[in-house]
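Subject: Structure handover

Hello,

Here is the structure for you to look through. My notes follow below it.

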Amino acid sequence: MFESLSDKLGQALRNLRGVGTLSPENMAEALQEVRTALLSADVHFKVAREFIERIQTQCAGQEVLKGVAPGQQVVKIINDELVKLLGEGSTELSAARPLKIMLVGLHGSGKTTSTAKLGKLLKKRGYRPSVVACDVYRPAAIDQLEILAKQEELGFFADRTSTDVPRLGKKALSDALASGSDAILFDTAGRLQIDTDLIEEVKKLRSEINPDEILLVVDGALGQEAVNVAKAFHDSLQITGLILTKLDGDARGGAALSIKSIAGVGIKFVGTGEKIADFDIFYPDRLASRILGMGDVVSLVERAQESIDEKEAAKMAEKLRKADFDLEDFLSQMQQMKKLGSMQSLIGMMPGMNGVKLGDGAEKQMAQAEAIIKSMTFQERRNPSVINGNRRQRIASGSGTKIVDVNQLLKQFQQMQKMMKMMKGGGAMKMMRQMNAMKGKGGFPGMGM
Amino acid sequence: MFGLFKKFKEGFSKTVSAIAEKTHGLFGGRKIDASSLSELEEALYTADFGVETTNEIIQEIKEAYKKDKDLKGKQAAEIGASVLKRILAGSEGVLVESGTKPTVLAIIGVNGSGKTTSCAKLAWRLKEDKKTVLIAAADTFRAAAIEQLQTWAKKLDLELISSHTGADSAALAFDAWQAAKARNKDYLIIDTAGRLHTKSNLMDELAKIRRVLQKNDATAPQHRWLVVDGSLGSNSIEQAKVFHASFGLTGLIVTKLDGTSRGGAIVGIFRQLKIPIYFVGLGEKAEDLQPFSIENYSNAVFGLDK
């Protein structure tokens, strides 16, 4: 999302090559470009100006360090400043139990989806979460939350006959507590920050349920308006944090910087995809690194740890070791990969891969491989050598692919098996040669080869 | 016509007051000087007009100021509005019925932009114009999207074709077209699932809906409209670009302009892609979806009365 900002910063700072001391003069052009880049990334006008001023003061007079390109030096200063601006360390939720959380925001910012996502996250942390439908205005909002709650096995409370939000909230709270819930999430209706009636309503709800956290849900693509929204909600409700949504889109997120510096509340979570699992804790340092194109490997590793079944992984390692790896195993390997989230969101976390568009080619390839394997009988998956011409034809039409696709998958699988056997035999050198020979032929999808 | 401008002015009243406030009543009698110019620049940036349009407006006011040192704020506002009008020339969309029934409108956009609500309001507006309309609830992905449209349909007395969540949206679109044909409807409005423009599998689904519709009528869907959230910043331009490249947009609906956001990004979208704007959302009621007017928008932004 911040890719284009980091691209533009890089370009603006390239001009600084070969400079001895940083001065307002030789920085002027670069900083002007940084400002334009910030503004194009929807960073608020005032925030951008203040940010530039801070960078300028810090840079001025600094000698360019030996062995470091002046551009890099400035990037470091910008990075440190960004981390500071976004708030140091991670921003945790209140430790209160029972934990009461109210989600508020504009229309279409993603409150209902975020309620379910946060519920799932708390469940993983050992809470027994319930969600309460307080959006009595948008048609079918209650149904939407109910469906998501059922899907994620969260407690669900609503009153379809009432529009008295403070009252139904209070009742739902006591019902949820009575049911043994220790984390209660209130999904409220979308409202404009200037709609005084609706703001009054949510204020009354707040005093009835007395939440430990009031989280403002903000669309990551929001423009300059982000600042007004955050400020107004904060003034009337004293929000405790932000959830930034739809960050799996592209080029933007300047709103995150603006909100943090103007409204002064921390970003606690980010929504990074349509799947309920696509929800992360917000780490300012990681985001700052990502802005500057240094990747976000930590998030990737954490997500992998959470999503991959350890027993399954051990079993797989054993199979790999014994070179006893069949198409059935490959299928389950791919399904594990999918649990990590969308390929594009994974790519975005890798260093140097910022801004690389996957174009869904890899995702499609994986889906195709999955379809082909699923069209095989169990016997064929265990022992692909039985797959003759007739079977190939059947598999191709069963999976909606062509025979060449089936052939290619089988060929790649054979090569992989061969390599595993070599590994088992300790023929590392032989393997290296083999791998070089395979280069350019297109590796096995999803196996990173 | 006057009533319409009033609606625009009301809808944009916060815009006007926001820009006026930032420029300390610049658009009144005050004279232009360096500091009021930088205030105006800031106000334009914070209205999401973006770097290009802001520079263009400021440049022109500066040039006028060079020629006339007594330039007043009101005149500057007129220059600003005229720059906007020039940039937006040709951006007023006028909905034309196709020769054969039904005329099909596919409504697309990112999550949370206001597609479902816009579909319902649009159908209501066409019905008010004595047209017959059928809506297809082809957002079969989001939980309860169908129920949302059903509630609207009941409230506004609209005809709706729907299936269940998880159903094939293209198949539903096909069936809806057949039903619209059989019932001799003037219009078929298709509400699609929200999708981020970076997800090409979902973009492929849109292409499929189009392909399937073309089995019925090679020209369908005649209108492919993107719903854009007016409070978004420059990313809405990216969204429009990608949707345009893969789906060939023919129009825009800009929603949520009743907040304090100025929807300046729509100027950027039109600048880049020249896609006309058909309707703007100025409030929550069905009649608050209004045809876009360059004159009214430009004047409202700069606080000019007609």
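**A polar contact in chain B**

The side chains of B:Lys185 and B:Glu159 are joined by a polar contact of 2.4 Å. A polar contact is a pair of N or O atoms within 3.5 Å; within protein, one must be able to donate a hydrogen and the other to accept it, and residues adjacent in sequence count only if both atoms are side-chain atoms.

Before the rest, some ground rules. This is a predicted model, in which local features need pLDDT of at least 70 and side-chain atom pairs count only at pLDDT 80 or more, while totals for chains, interfaces and linings use all residues. Residues are numbered from 1 along each chain as its sequence is written, chains are lettered from A and ligands numbered from 1 in the order in which they are written, and side-chain values use heavy atoms, with hydrogens and water left out.

**Around B:Lys185**

Where does B:Lys185 lie in chain B? B:Lys185 is in the loop between α8 (169-182) and β4 (187-192). Helices (H or I, at least four residues) and strands (E, at least two) are DSSP runs, numbered from the N terminus.

B:Lys185 is buried, at a relative accessible area of 8%. Buried means under 20% relative accessible area, exposed over 50%, partly exposed in between (1.4 Å probe, protein chains only).

Set aside the neighbours within four places in sequence. B:Lys185 is then in contact (heavy atoms within 4.5 Å) with B:Lys101, B:Pro102, B:Thr132, B:Val133, B:Leu134, B:Glu159 and B:Ala180.

**The sheet of chain B**

Chain B has an open sheet of eight strands, with mixed pairing. The order is β3-β2-β4-β1-β5-β6-β7-β8. Two strands pair if DSSP finds at least two bridges between them. At the edges stand β3 (159-161) and β8 (289-291) of chain B. Each has a single partner strand, so one side of each has no neighbour in the sheet. From one strand to the next, the twist averages 25°. Axes are lines fitted to C-alpha atoms, for helices over the stretch in contact, and angles run from 0 to 180 degrees between N-to-C directions.

Now look at β4(B). Six of its six residues are buried, so β4(B) is largely enclosed by the rest of the structure. In a regular strand the side chains alternate between the two faces of the sheet. B:Tyr187, B:Ile189 and B:Asp191 point one way from β4(B). B:Leu188, B:Ile190 and B:Thr192 point the other way.

Which strands pair with β4(B)? β1(B) does, in the parallel sense over five bridges. In that direction, B:Ile107 stands opposite B:Asp191 in β4(B). Strand β2 (residues 133-138) of chain B also pairs with β4(B) in the parallel sense, over six bridges. B:Ile135 has B:Ile189 in β4(B) as its bridge partner.

Next, β5 (residues 223-229) and β6 (residues 251-255) of chain B. They pair in the parallel sense over five bridges. B:Trp225 has B:Gly251 in β6(B) as its bridge partner. Helix α10 (residues 235-247) of chain B packs on the sheet and touches β1 (103-108) and β5 of chain B. The direction of α10 makes about 165° with that of β5(B).

**Chain A**

Chain A holds 20 helices and eight strands. Of its 449 residues, 53% are buried. Eight strands of chain A form an open sheet with mixed pairing, in the order β3-β2-β4-β1-β5-β6-β7-β8. Its edge strands are β3 (155-157) and β8 (279-281), and each pairs on one side only.

Strand β7 (residues 267-271) of chain A and β8(A) pair in the antiparallel sense over three bridges. There, A:Val270 stands opposite A:Asp280 in β8(A).

**Where the chains meet**

How many residues does each chain give to the contact? Chain A gives 40 residues and chain B gives 40 residues. The area buried between the chains is about 3300 Å², and carbon and sulfur atoms give 54% of that. Buried area is the accessible area (1.4 Å probe) that two parts lose on being put together, summed over both. In chain A, A:Phe45, A:Pro139 and A:Glu274 lose the most area to chain B, together 17% of what that side buries.

Two salt bridges are counted between chain A and chain B. A salt bridge is a side-chain nitrogen of Lys or Arg within 4 Å of a carboxyl oxygen of Asp or Glu. The side chains of B:Glu42 and A:Lys46 meet in a salt bridge, at 3.6 Å from N to O.

Best wishes
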